[in-house]
Amino acid sequence: MSKQETAAAEHYGVLRQKLGPHHAPEGLYVRNKNLPFVGSVHCNVARLESGSWNEIVLDYEVGAAGLADGGWFKATFKFYSDWALFQNSDPTAANYISAEYQAGPLLPGQSPATVQSLSIRFDQKGHERPFQKALIVDVVDGYLNAGDHIIIRLGDRRGGGPGTRVQTFVEDKFRFRCYVDPLGTSRFVAVPGDIVIDIGAGAPARLLVNGPRFAHPGQPIPFRISVLDRWGNACKDSGGTLRLRAFAGERQVYERDHALPETGWSSIGIDDLPSDFPQLRLVAELPGQRDVPQTEALVTIDAALPAPRAFYADLHVHASDTVGTNSPAYNAAYARDIGGIDVLGYTANDFQITDENWQLGVRTVEEFNQPGRFVCYPVQEWCGSSTAGGDHNVVFLDDAPPDFPYNQQGEHNRTLVWNEDMKGSAVQLGRWPVEELWAAYVDDAEHRLIMPHVGGRRYIPDWHHPELERLVEIASSWGHFGWLYQDVIGRGYQLGVAASGDEHRGRPGGGPPGTQVFGVHGGLTGVIADRLDRATIGRALRARHTWATTGEHTALLVRSGKYLQGDVVPQHGPATLDYRFLGQAGWEEIAAYDHNGLIWQRNLHEEAGYSERLIRLRWGGARIPDRYRWAVWQGRITILNGTINRFQSHGFEHGEEVCRRDGPTDLVFRSDTYGDADSVEIDVSNLRHCTIKVEGSIGSYVKVGDPLKPNPFVHRPQFSWEISGAELLATGGLKLDLGGTELFLALERLTEKPLPNDLGGSIEIAPENAAFGHRPVYFYGRQRDDSKVWSSAIFFKFE
């Protein structure tokens, strides 16, 4: 007998003497006193592979409090997890959940519990952020005794289903946090001891080669080459050899076998590439591993380019101290060593970060900040709702301790204080609305960068402060938001572009997409700067000397004489803009815009010469501009009186987005778009005489209810389109707008020739100011794989 059991027995002996004659189940007092009051929970697994299929069992033993008729039990996990959505309607299908009651042993004189059944449901908003996703078990008709069990199966396979698909990204301590309502009052208490599962990477599936897209001759050209699993996670502890070759034209100018680490991330860094050729094509491979294809990357070497090399920044990265995954140090190391970027913004949601965690994050920033190698900034995310201005990030650009959470007067600069760690029950209001955020930092605007963005609480451009707000974030793992830049430019705001990860999954630096909320690659901000240090990068950011990418190491450089993108340019007469697009997958469209919209465009398929056989269906956009924005596409392409020779998809983010044949005339597809676009290229015989039909449905996120039941986009639940091959040949391309936030279908002709990866030229801008006194002009480009790039505008003041 343990000391606790002995003490309980001795206490009960004293209590019995005091009470005198009475009736009670024999031994129950002592047993219940030795149980945790609100119970305990256990799990059958401690480690899982990301994206794998499993049956997971959570076993909740009811505590001494029992579980009253009408009581609840919840198993919750964080909202950013893309674990497949659970369902309770089809036991033969994937992700089926069940809950069973198992009675514990009865002691002499103890009555059995009266519970008749349990019901289980899944609610994506079933608890408090960040543990919002919840499996909820309701007690139906009766109560449970202490020592009884509730057995929850996630991915119950007993009905023939395949199990449940685990979240697709690694996490060193994924948590199920459990809560119980023992009295049936809807007031919950946490069950002590979270279920902790390490989620690791799978087998090697591809290589990632990241480095600067351009450099000056004689400059070191640092690259990172990493081994990833099929979901884009960095593999670990693989050992082996990685072979890297470099070609200048057809001539091989570099070859070296590098040993991969035996422990830690399967990644290496190099800086010994030759830099005296106009362009290098890097080819990385794992010798002898046929399941991992070789990967290529390009770097242009040109003294005429405006910086020693391209610098890439991810200024919006969350860690586990608020709504992210893994520690601040893990995220900083990943950005540097896997993402291969140069600048990181460690970001804390201001209403959730505790003072202690913020100080730990700032110390981590200081440890990782190494001028010349890697720049780190601390970042406050002001989390005001859209009605108060929407989300804004405050980047602290200098070396001084940030005046957050408190200023020198002791006033807190948070939006508000309202999180699971606060002791009180009332909201402590801080800087609200956004004008009060500006007031906190306007006295030192030179060392602050406030960046509005589209995330959970969408920025509304009714507000703008020209000294503090210099960049606007227009791409992130939430989606692509080119429409936002056009909006702010049309209002006359002199804002440049940024793109960030808004990373919640521990993969900063253009991290790969998951499923559900964060469904596209995290974005990157390209920076034109002379040196890699806080002060220089900070001045470049505030000067708007930036371009934005959808996560790729591409570049877009714009000049007007001595001026760069982001500059305000005094101009007499027409202006000339020189542009250069540097990509990896082939530019298919480039364009220029001003405050009124499109002013110039090039179709590179048309310029190269259309194929008589190769066409493409492209679909994209989002349902709404706000948080749960994505469109769920299911469609069918039917080609009559023609032959489908081959097809290939582009833009699909992961293996759950698919296109496949369905008979001799049909292709079917399923994908999600978040403002991005997906596509299928088709080689068709007899194109001139065929008929092309496209039909399908647009659905949306199942936030509440059964994920097996469709949730149609109410404004356009179905689409149907029919055109002739002759019409497509005559026009080169057709587009069908579907409403929402730029939802569309497009049928387009393609070239069979290679598309350019290095594209330059000039355009002339007429001397016409807008009503607000200047004319902004920015560039945009799209590659064949739907990766995108935008430049900050040049702001011409014509005199």
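This is a predicted model: local features need pLDDT of at least 70, side-chain atom pairs count only at pLDDT 80 or more; totals for chains, interfaces and linings use all residues.
Local features require pLDDT of at least 70, side-chain atom pairs count only at pLDDT 80 or more, and totals for chains, interfaces and linings use all residues. Residues are numbered from 1 along each chain as its sequence is written, and side-chain values use heavy atoms, without hydrogens and water.

The chain holds nine helices and 54 strands. These are DSSP runs, numbered from the N terminus (helices: H or I, at least four residues; strands: E, at least two). The C-alpha trace spans about 105 × 70 × 55 Å along its principal axes.

Of the 799 residues, 60% are buried (under 20% relative accessible area, 1.4 Å probe, protein chains only). Contacts are heavy atoms within 4.5 Å. Among contacts between residues at least 6 apart in sequence, 72% join residues at least 24 apart.

Nonpolar side chains tend to be buried together in soluble globular proteins. A nonpolar core is a set of buried Ala, Val, Leu, Ile, Met, Phe, Trp, Tyr and Cys residues joined through side-chain atoms within 4.5 Å. The largest has 71 residues. Phe 581 is one of those with the most contacts inside it, as are Trp 547 and Phe 779. Beyond four places in sequence, Phe 581 touches residues including Trp 587, Ile 590 and Phe 779. Apart from this core lies another, of 70 residues, among them Phe 79, Phe 176 and Trp 790.

Conventions. Buried means under 20% relative accessible area, exposed over 50%, partly exposed in between (1.4 Å probe, protein chains only).
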